[in-house]
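The sequence and structure are shown first, and the details follow.

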Amino acid sequence: MNQTPKTKTAMWLFISFSTALAVVFFSIYSTTVNIPPLSINKVMLSGCHTVEETNHCQLNTATPLKIWFPEAQLNDFELLINDKILDSATNSNLMIKPSIKQVKRGGVYTEIHLKNGSYTFSVESSKNARQVFNVQVYETSEWQNKYQKIEDKNDALLFLNQQLTINNKSAAKIYFYLSRLQLQQNKIDEALESLSLSNQLFEKENNINNIVDNKMLQVYILLFLQDKVFESQDILNSLPKQLLTAESNYYRYFYQANLYSYLGEYRQAQQLFQKAEDIANTFDLTKHQIDAQHMYTRILVNSGDFKQAITKREQLVSKLPSDWENCRKAKYFNGLGWAKLKMLEASTIVLPNESLPFESLNHALEMLEASCPIDSPDKINVLINLAKSYYLIKKSNQASDILLRIEQLNTQLSYRQRIELIELKGLLALSQKHNELALSYFQLLKQLAEQVKYSDFYLSALVGIADSYQQSHLYEHALKYYLLAERVVFDNSLSVPIIGSQENFLESKLHFSYRYVYLLHQLDRDKEALNVARRFHSFWLTRMFHLNQLTEGSLINNQQWSRLASQMKSLRKTIITQQSLEWSLPYDQLEASKIELLKLKQEMAKLFNESLELVNKQLVQVSPLMSEPDKNEVFLFFYPIIDGWLGFAKTQDGIHSYAININEPPQQASFLPQALAEIWLEQFKPIISQYDSIKIFPFGDMKEVNFNGLMFNNQKLIHQKTIVYGVDLKKQNNNKSTASIQKRSLIVANSLGDLKSTESEAQNIINAVQPFAWQSTLLLNNEATIKALQQQLSKVSLFHYAGHVNSPNSGIAEHELPLANSISLKTRDILLLPQAPKWVVLSACNSSGNSPAHQVESIGLAHAFVISGSEFVIATNQPVKDHIAKTFMSSFYHHWMSKNDFIQAARQTQIDLMDSQPQHNWLAFRVITI
């Protein structure tokens, strides 16, 4: 069986088991002996190599006994050994740290080194509760010492098999070691058999911790190597709820985190990895700590948080134990290089030297070549990462040299390694203008990857074919494959829980659209270019919201969805294995193989359709609106292209476009978003001058630009034009609100204790609308519960919120309106409304919900109201002080009530306040509409 990189990456997690550090489950055996429970909560221990149901703990002289009492005080209990209070003078057989009991991580910690002998160890609480267990300390057996000194894995395997014939008393432990050694050599079936034999013998010995240790290894095999997610989940769920030993708790959290990560629940996985790492830190379990950090940082990379992941991995490689084998250390340096490679792939600018992956990857390669087999799969992975890195910084010759080096190794490659190399060869050929050669590579890649049409490789093949045709000036062929790539992404992107959910997920999938849109523009097909750009933008917003729902767990906790995800992943592996066999099958077996592959693909398509149907039933559905300008209106739309931006001006009479290449002089740094916007205003000046109203559709960096304040004909644009911001989405099956004809308002003010003007602002609004026959409901602070809002929002035509907005830390997370009882109103709550208020005013900082820090899009609170049916929403794209917001709102409602024109009231308020109080930023307020 060939090991995939994922298998190899995870494989080292169990190498440490060969040191015989086993987990201890005192919660299991404490229920079998009638011992009064301690008043101290969750006592945790570490160090026992063997635990029996009779409270008998065995450890060798090289391992200290460690005890930790979370949330305990120094004087809560006494430690006794052989019925004597434990102190430095108790017994000469003890080696005790200077302090018997020391405060550590919010609890009390004790560490004792014992010499050979038998001990009765007890803990007595201040409430006379007592727990006792026996400790037997021994020297490591001769055969174990010999085994641990054997470096060659084949020699170690031979040695263990020999021990089985001459040392029957240690058979359980021998099978215990044997299973881990067989797993290192990818002998999975043999490892499972040894695990079973080991468990049978441990059960006869009542050896609790080794049984649990074997269960954890079984979870690893089921989850990572056999994709049997529910079998591994069942094993984890069968373990006791309360585990009193450090290793027990560590591995429970560690594998639960891996399980959540498998299903795409990255937030839960991060929390559990952090808990596992905390336990490892408390007990100074260095290997466990590094394992947890490594897996945790992999999630950070997949979440787009490259800088934090790289920082943590740099810290990790700096503290690798000196006694670790170089083959194992190399994996961590390769992991650091891989994280930097992922950041390089996602970056649109040249990274500084310290952020590039070469130093880490070359160091990993040096260690592998010095200490590991010449055909090590890990070496292939490092070389592939190096070749990708050189390609990304446009050093094609170095990348080609590495590919040649891989071929000269003449080793069997895994399916994924082969397909990665084909993709890389295609990209290199394309960069060197060898278009026909590139086309042949990408067509081969498409053939190999098309059985899993939502895979990155299938998308890469389609885009590569399109790029090859484009470079050959076969533009119609190129557009055909760009369209196929668009359909693949649009139809299948909700497979994200299977392949990873990350902030840069959509950006990496949609990057080809920059070339797609620009090609249409170069062919003078601006109408098609604009339609494609709007489709991609609308899709981006839609899928970002769906990714958020999936990440939040709206489907993850659904058993049917989880099973479909597991089945698809397992079937995908079967398809890949079957496909890889065709490389070596004789001609007379090829036809049968192709028939079998077709059946597997049909089953995959069926499962995928079932999963999408389930998703579509449970997720709020939004679809592109693609509205047209009114008679006196011009649309301004912006979309990134390779090395620049493309702007469109659309009216009822036609479409105009202008591309800006930010890599041409002047230098890139001078092209701030506002400067780009000013260039487009100047280029579109003849068109804009003919119309009274402008609707802006911002994207990425353009979100931060306040067009109202840009200069146009020697005046601010707002003095000459009415400006609103558009949304290209609407909720499916959205009925027009009947509440829009009613004069009913809901006013909410939630100061959270620091916004002094919100309550008086709310009262001012009620006073402003009351003379015009409005009926208002006021909810202040603790009155503003989520239940009250959900009951009222569909029954009013005006919703005004004064308070804070909770901003997300990532592009996927939602903005929220904080309410009473620490509960917030989220975008999904708004989208689920049966009817939305006609008018919405969000008087809060950054309430438009678009962070300029990321090009990744998101559906903000204002967008959500518009999509759900609100006609107009006032929101801000910058921080606004509460007394400034109060002043703006008082003037706005005066203009609105007197002139009955929402948009013009907002505009007139801004003009008036800019003239009377120019020291404040009144342009942060914007009107958002369909």
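This is a predicted model: local features need pLDDT of at least 70, side-chain atom pairs count only at pLDDT 80 or more; totals for chains, interfaces and linings use all residues.

The buried residues of helix 14 are F358, S360, L361, A364, L365, M367 and L368. Helix 14 itself has 14 residues, and the 20 Å from its first C-alpha to its last is close to the 20 Å expected at 1.5 Å a residue.

## Aromatic pairs between helices

A pair of aromatic rings is described by the distance of the centres and the angle of the planes. The model holds 39 aromatic pairs. One of them is formed by F358 and Y390, whose rings are tilted, with 4.5 Å centre to centre and 35 degrees between the planes. This pair links distant parts of the chain, since F358 belongs to helix 14 (residues 358-371) and Y390 to helix 15 (residues 377-392), 32 residues apart. Both F358 and Y390 are buried.

A second pair joins Y482 and F512, and it counts as stacked because the planes of the two rings stand at 10 degrees, with the centres 6.4 Å apart; the cut-off for stacking is under 30 degrees. Y482 is in helix 20 (residues 475-492) and F512 is in helix 23 (residues 512-522), so the pair ties together parts 30 residues apart in sequence. Y482 counts as buried at 0% relative accessibility, and F512, with a relative accessible area of 4%, is buried as well.

E816 is found in strand 24 (residues 816-818). Is this residue buried or exposed? E816 has a relative accessible area of 18% and is therefore buried, the cut-off for burial being under 20%.

Apart from its neighbours within four places in sequence, E816 is in contact with V805, N806, S824, L825, K826 and L861. With S824 there is a polar contact between the two side chains, at 3.3 Å. L861 lies 45 residues from E816 along the chain, yet the C-alpha atoms of the two residues are separated by 7.2 Å.

Methods: Residues are numbered from 1 along each chain as its sequence is written. Side-chain values use heavy atoms; hydrogens and water are left out. Rings of Phe, Tyr and Trp (its six-membered ring) pair if their centres lie within 6.5 Å; planes under 30 degrees apart count as stacked, over 60 as edge-to-face and the rest as tilted. Helices (H or I, at least four residues) and strands (E, at least two) are DSSP runs, numbered from the N terminus. Buried means under 20% relative accessible area, exposed over 50%, partly exposed in between (1.4 Å probe, protein chains only). The expected span of a helix is 1.5 Å times one less than its number of residues. Contact means heavy atoms within 4.5 Å. A polar contact is a pair of N or O atoms within 3.5 Å; within protein, one must be able to donate a hydrogen and the other to accept it, and residues adjacent in sequence count only if both atoms are side-chain atoms.
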